[in-house]
Amino acid sequence: MASSLAEDEASRADRPPAGWRLWWLAIRPRTLTMAVAPVLAGTALGWAEAGHFDPRPFLAALGGALLIQAGTNLHNDVADALRGGDQPLRQGPPRVTALGWVTPGRVRAAALVCFGLACLFGLYLVTLGGLPILALGLASLAGGWCYSGGARPIAYGPFGEVFVIAFFGLGAVGGSYYLQAHGLSLSAVIVGLAVGLVAAAVLMANNYRDMEADRLIGRRTLAIRAGLRNSQALYAVMVLAPFVLLVGPTGPAGGWLVLGALPMAISLIRRFTTEARGPAFNIILGTTARLQLLISGLLTLGLIL
């Protein structure tokens, strides 16, 4: 009887979700906060330093960032499956292409739809911010595509974390700031670096979890190059450095409020260094993404209150 119940549960677990739930799973909702956090922080900093808030670029930038993130995730889903990257050893959440739940053509088409819609938001933002925003938008779209595509995908080498800091930190924060303040400042660079470092920690958690599976398919991620101990140290630096940047003498006014997220950061470092790699790291990955959003939210409060 117990065996029958276990088989039934396993059968239900293997069934693909239906309708919108399937696509919700495919866009990896746990990572979507990585698109929200930098837009929120950059907009709040621009508001605080420029003395006014324009909701139009904020909403358009938020929509475009979410679509680029979703499109990147979908493109990564199909590209990894076709390259043989999503093997049984992989410990992460289900990938719809590799499991045969959706055909590669449909997933690729969905990614293109996301990128296309992001372009519409981007064109509107160009009317507000001009050529700098056009350059940033084109670079973001190209980066989202090249992360898993092309002859040498960024995701398969040791520079994925650098890519994340550049686009999910410096670029997204700087662009959101520019749309409010119509310029750049040292504070925008510092906030961008801080937010980007936590986003890079999300990727480090993902790649640290999958080191064996990634090595088998020829990936040489930063986690693989650094090894177990150094990866743990790098994760700790990525999670703690934002507090130094935001609370230090060159940090923005109100940055001290992010210290409210420090206990969460310390707990994550402890778990990263003590828990066995495997499915448990899916929780660490999701919590690291929430840490980034919490830091951005607390910084926003400190800036505008």
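This is a predicted model: local features need pLDDT of at least 70, side-chain atom pairs count only at pLDDT 80 or more; totals for chains, interfaces and linings use all residues.
To see the pair, select residues 33–50 for H3 and residues 280–304 for H12. Their axes come within 9 Å and cross at roughly 15°. Angles under 35 degrees count as roughly parallel, so that is how H3 and H12 run relative to each other.

Now show the side chains where the two helices meet. On H3, pick out residues including Met 34, Val 36, Leu 40, Leu 45 and Trp 47. On H12, their counterparts in the contact include Gln 292, Leu 293, Ser 296, Gly 297 and Leu 303. Colour the contact by class and you will find 15 nonpolar residues, 5 polar ones and no charged ones.

Next, move to the largest nonpolar core, which has 52 residues. Good places to start are Val 164, Val 191, Tyr 235, Phe 272, Leu 291 and Ile 295, the residues with the most contacts inside this core. H3 and H12 each give two or more residues to it, and so do H7 (160–181), H8 (186–209), H10 (222–247) and H11 (262–274).

Then centre the view on Phe 272. Which residues is Phe 272 in contact with, leaving aside its neighbours within four places in sequence? They are Met 204, Ala 205, Tyr 208, Ser 231, Gln 232, Tyr 235, Phe 281 and Ile 284.

For a last stop, select Ile 68, Leu 74, Ala 110 and Cys 114. These belong to a second, separate core of 19 residues.

Key
Residues are numbered from 1 along each chain as its sequence is written. Side-chain values use heavy atoms; hydrogens and water are left out. Axes are lines fitted to C-alpha atoms, for helices over the stretch in contact, and angles run from 0 to 180 degrees between N-to-C directions. Helices (H or I, at least four residues) and strands (E, at least two) are DSSP runs, numbered from the N terminus. Angles under 35 degrees count as roughly parallel, over 145 as roughly antiparallel, 65 to 115 as roughly perpendicular and the rest as oblique. Contact means heavy atoms within 4.5 Å. Ala, Val, Leu, Ile, Met, Phe, Trp, Tyr, Cys and Pro count as nonpolar, Asp, Glu, Lys and Arg as charged, and the others, Gly among them, as polar. A nonpolar core is a set of buried Ala, Val, Leu, Ile, Met, Phe, Trp, Tyr and Cys residues joined through side-chain atoms within 4.5 Å. Buried means under 20% relative accessible area, exposed over 50%, partly exposed in between (1.4 Å probe, protein chains only).
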